[in-house]
2 protein chains.
Amino acid sequence: MSIHLNKTEQKISRELAKLKRKSGSHSPSFSTLKWLFPKLNIKLDCCFLSNPYATDLFLKFFDKDIIKGGKFRSLIEHYPSQNRAVSARVTRFFGVPYQYLFIGNGSTEIIQAIFHNFIGKKVLVPIPTFSPYLEFVKHSTAIHHQLEKINNYLLKPQKFLSDVHKHKPDAVVLINPNNPDGGYLKLSEVKDLLIGLKNIETVILDASFIDFAEKNPARTLRTLFKLVKTHPNLIVLKSLSKDLGIAGLRVGVAAMDPQRIDGLLANGYLWNISGLAEYVLDLQNDPHFRRQYEQSRRLIVKERDAFYRQLAKIKQIRVYPSKANFFLVELTDGTTAQDFMTRLLTTYGIYTRPCGDKVGLSGEFVRIASSRRAENDYVVNSIKKAFKNA
Amino acid sequence: MSIHLNKTEQKISRELAKLKRKSGSHSPSFSTLKWLFPKLNIKLDCCFLSNPYATDLFLKFFDKDIIKGGKFRSLIEHYPSQNRAVSARVTRFFGVPYQYLFIGNGSTEIIQAIFHNFIGKKVLVPIPTFSPYLEFVKHSTAIHHQLEKINNYLLKPQKFLSDVHKHKPDAVVLINPNNPDGGYLKLSEVKDLLIGLKNIETVILDASFIDFAEKNPARTLRTLFKLVKTHPNLIVLKSLSKDLGIAGLRVGVAAMDPQRIDGLLANGYLWNISGLAEYVLDLQNDPHFRRQYEQSRRLIVKERDAFYRQLAKIKQIRVYPSKANFFLVELTDGTTAQDFMTRLLTTYGIYTRPCGDKVGLSGEFVRIASSRRAENDYVVNSIKKAFKNA
């Protein structure tokens, strides 16, 4: 039997839906939710795509370098460095000269900067997608390239290119791994695609989840960033929130043609990251941090794979293969995504992401983030119980 | 005799000038400077406009609420709330419903948002000014309204309005108190000006330094914010960096017509402030914080006035009256601003802001921030010595 809500749950579900509408196409944040529903025992944020082991690690280094190092006041009190001053300090880590690097207040600021400045009249966006790619269009039009359910929503380069030739967009978007499904193209496939896209004015490649997909993601990212030198139409961007587990600090980075960066910095993006975000970037130069981060990354990838195997055993759902740290889960027993989300929240304190507002998905979907082993186990067991006690 | 640099100082001066060019029309940050000149004993950042007592206070509350309260990890790890969710929590403090409030990643992001979206073809900017008002114009043209030296660079409403009638701009900028001179128009004068500007599409009023100018600045700010309801062409913005001493956290706020905010949020500004900036805003609802902040504010204003009296006694300079927490200082003995800045930096470790790049100033000027008593005394004595040992 599929999940059906009782009266109390229905009321909460309506309040959640109302809150959701207010939040546009994004989930209300975990803190907003806790603030608005103080009576619910909300324990686990599975909307939230992160690496909690990296958060542990960040806090350890922050405590040592900043708190015990007596630098906290300075980070809080003074203006951060300007964009280029920060870029100049991370060129080796990112593999390109500072003129090619743009530092953003989270990757969403970077997407906004690109979309408000470089996408022309028409941008082709594979759907389902991360919603800012449909929303930040401003004076442009987003044309949808439907990723197909039959292919697990994985992008098929030839089909994509044929849509490119058909629509002749000024810009195209590639998210790799894609959000919300985690579908991933290998580096060689991306390189081939770039050849096919050489006449497109702007090619946006969002590699925010690459740390969960590659064996040596820092090297792969450097390779992608370096491609900007030979492909001036390419912009590669990456959030640092997900892999480093520091979404609250807002930091992202992009590689693009220096002329584009000159244009952005001439008109804005002054002091656009905080002192703490600046520390996040400096930390990438610390080999001790990077070595320990690598361990945390391998661990979270291993647990993601174990989570997949467990979810795949639950017969009321279909879990899509993912190279990111989350899974697109289809409810196949007649339960709606909203009811599933509400039941998990009210009964088990688990906040999942219903995908009813995601353009391009056909069916009832939720997105569930992978986390630590114990938390993943709790999610699996809660889902099983939710269906059992439906 | 005016100040002249020796060979070593000349070399440093050239490096500083080079660094300055790289930083556009802003001073290189204190941290960048320390990083690039590790051998100089740079002690005091007088470029930097802040209230260090408020920083002390912020750190005290942060330690209690966030560190000891066990909330630091959550601020770091999770996405912050969305713009409207934050706005909704500070409506009482700012005196207008959340629909009228826009939260910015520092006031510079707000200026950028306004300038990239609302200023039309022509914007009239009184000069000298805070340089983003000249730089963020993008596809618009900034027309200068020259503030007159004979009036201590204070804006004269009738002259301003006559320039408005002459140039017919789409938008006008008022910074009150103005940066870099600290000239201030009273609330009644601002209200009168708004009547004269009622046909201008967009009136931008930057009240970032109001806490140093008014007896009850929170009330005056609420009055200004409320004016937005009756003047839909008005946008009032305020940095929280200066008064609260937390520039590193990037937080600003603006009141404007709800339709404008809807437009901005439809296309961007998603998760644009950090978890720590969100805490800064929440803190304004804490009466204990506000009471102690008021003490810190009165103290810094008192010391600003004492600093003025001391500076005014130095015969080689002319200090302009200021209602902000900084002074525009003219060098009247033939010393150049660059030489003065370099000597103060190399010999006394004091970083001041030469104003050679400020459009609209005629003469050799530096801007010097006021700080605590001991620091102000050190600055006064160092300037005296610098001239004595010139």
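## About the model

This is a predicted model, in which local features need pLDDT of at least 70, side-chain atom pairs count only at pLDDT 80 or more, and totals for chains, interfaces and linings use all residues. Residues are numbered from 1 along each chain, chains are lettered from A in the order in which they are written, and side-chain values use heavy atoms, without hydrogens and water.

## Helix α17 of chain A

Let's start with α17(A), which covers residues 373-388. Its 16 residues reach 22 Å from first C-alpha to last, close to the 22 Å expected at 1.5 Å a residue.

Several residues here are buried (under 20% relative accessible area, 1.4 Å probe, protein chains only): Asn376(A), Val379(A), Val380(A), Ser382(A), Ile383(A), Ala386(A) and Phe387(A). Seen down the axis of α17(A), these buried residues fall within an arc of 165°, so they line one face of the helix. On the other side, Ala374(A) and Lys388(A) are exposed (over 50%).

## Where the chains meet

Now to the interface. In chain B, 61 residues are in contact with 61 residues of chain A (heavy atoms within 4.5 Å). Together the two chains bury about 4,900 Å², 56% of it on carbon and sulfur atoms; this is the accessible area (1.4 Å probe) lost on being put together, summed over both. On the chain B side, Ile76(B), Tyr79(B) and Asn267(B) lose the most area to chain A, together 14% of what that side buries.

The chains share 2 salt bridges (a Lys or Arg side-chain nitrogen within 4 Å of an Asp or Glu carboxyl oxygen). Asp56(A) forms a salt bridge with Arg73(B), with the closest N and O atoms 2.5 Å apart. Helix α3 of chain B (residues 52-67) gives the most to the side touching chain A, with 6 residues.

Definitions and conventions: Helix = DSSP H or I, 4+ residues; strand = E, 2+ residues; numbered from the N terminus. Expected span 1.5 Å × (residues − 1). Arc of directions from axis to C-beta.
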